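Please open the structure in your viewer and keep the selection tool at hand.

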Amino acid sequence: MPKQQIASEKLRTPMGQFSHATAIEARGRILFISGMTARRADGSIAGIGDIETQTRQVCENLKAAAEAAGGSLADICRVDVYVRNIENFEIIHKVRREYFKPPLPASTMVEVAKLVSPDYLIEISAIAVIPDA
């Protein structure tokens, strides 16, 4: 069974780029992606003070991790999003629409007081199922 977005008439349609639940037959490898921040490969931080640029870099980092394991963003079933300001919800989901297409991963977003660096505005961890080749 390919990844399937689960919907119910008993649940309100999500306001952002995610599904309430995602089902997948777990054939393949389960990939746990650590929290990705806006840190570039050269060690610099993208978009200091700019949530849109940081979200885009975070998504690029998630993509790179998935690809390194032989998968893609389409294989991601769940993301956990930690933000410094929940008021940035719409901007974050605008960027997520560029990267995540249906069937969408399940998602949780929470506001946190601090991240590892005071320059980080967002961090996203993910779980993916990479299909057998």
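A salt bridge is a side-chain nitrogen of Lys or Arg within 4 Å of a carboxyl oxygen of Asp or Glu. Please bear in mind throughout that this is a predicted model. A search of the whole structure finds four such salt bridges.

**Stop 1**

Select Arg56 and Glu52. Their closest N and O atoms are 3.7 Å apart, and because the limit is 4 Å, the pair counts as a salt bridge. Both residues belong to helix α1, which covers residues 51-68. They are four residues apart, about one turn of the helix.

**Stop 1**

Lys94 is partly exposed, its relative accessible area being 39%.

**Stop 2: Asp80 and Arg78**

Now select Asp80 and Arg78. What joins their side chains? They meet in a salt bridge of 2.8 Å, N to O. Asp80 counts as buried because its relative accessibility is 19%, and the limit for that class is under 20%. Arg78, at 29%, counts as partly exposed.

Before moving on, select Glu52, Arg56, Lys94 and Glu98 together. Salt bridges with shared partners join these four residues into one network.

**Stop 3: the cysteines**

A disulfide is a covalent bond between the sulfur atoms of two cysteines. How many disulfides does the structure hold? The number is zero. Select Cys59 and Cys77 to see the reason. The cysteine sulfur nearest to that of Cys59 belongs to Cys77 and is 16 Å away; because a disulfide requires sulfur atoms within 2.5 Å, Cys59 is in no disulfide. Cys59 counts as buried, at 0% relative accessibility. Cys77 is also in no disulfide, and its nearest cysteine sulfur is that of Cys59, 16 Å away. Cys77 counts as buried too, at 10% relative accessibility.

**Stop 4: Val95**

Select Val95, whose place is in helix α2. Is this residue buried or exposed? At 0% relative accessibility, Val95 counts as buried. Leaving aside residues up to four places away in sequence, Val95 touches Glu52, Thr55, Arg56 and Cys59. Two of these contacts, Glu52 and Arg56, formed the salt bridge at the opening stop. Val95 and Tyr120 are 25 residues apart in sequence, and their C-alpha atoms are 16 Å apart in space.

**Stop 5: Asp75**

Finally, select Asp75, which lies in the loop between α1 and β4, the latter covering 76-83. Asp75 is buried, with a relative accessible area of 14%. Which residues does Asp75 touch, not counting those up to four places away in sequence? They are Lys3, Ile127, Ala128, Val129, Ile130 and Pro131.

Key:
Residues numbered from 1 in each chain as written. Predicted model: local features only at pLDDT ≥ 70, side-chain atom pairs only at ≥ 80, totals over all residues. Heavy atoms only, no water. Helix = DSSP H or I, 4+ residues; strand = E, 2+ residues; numbered from the N terminus. Buried < 20%, exposed > 50% of the residue type's maximum accessible area, 1.4 Å probe, protein only. Contact = heavy atoms within 4.5 Å.
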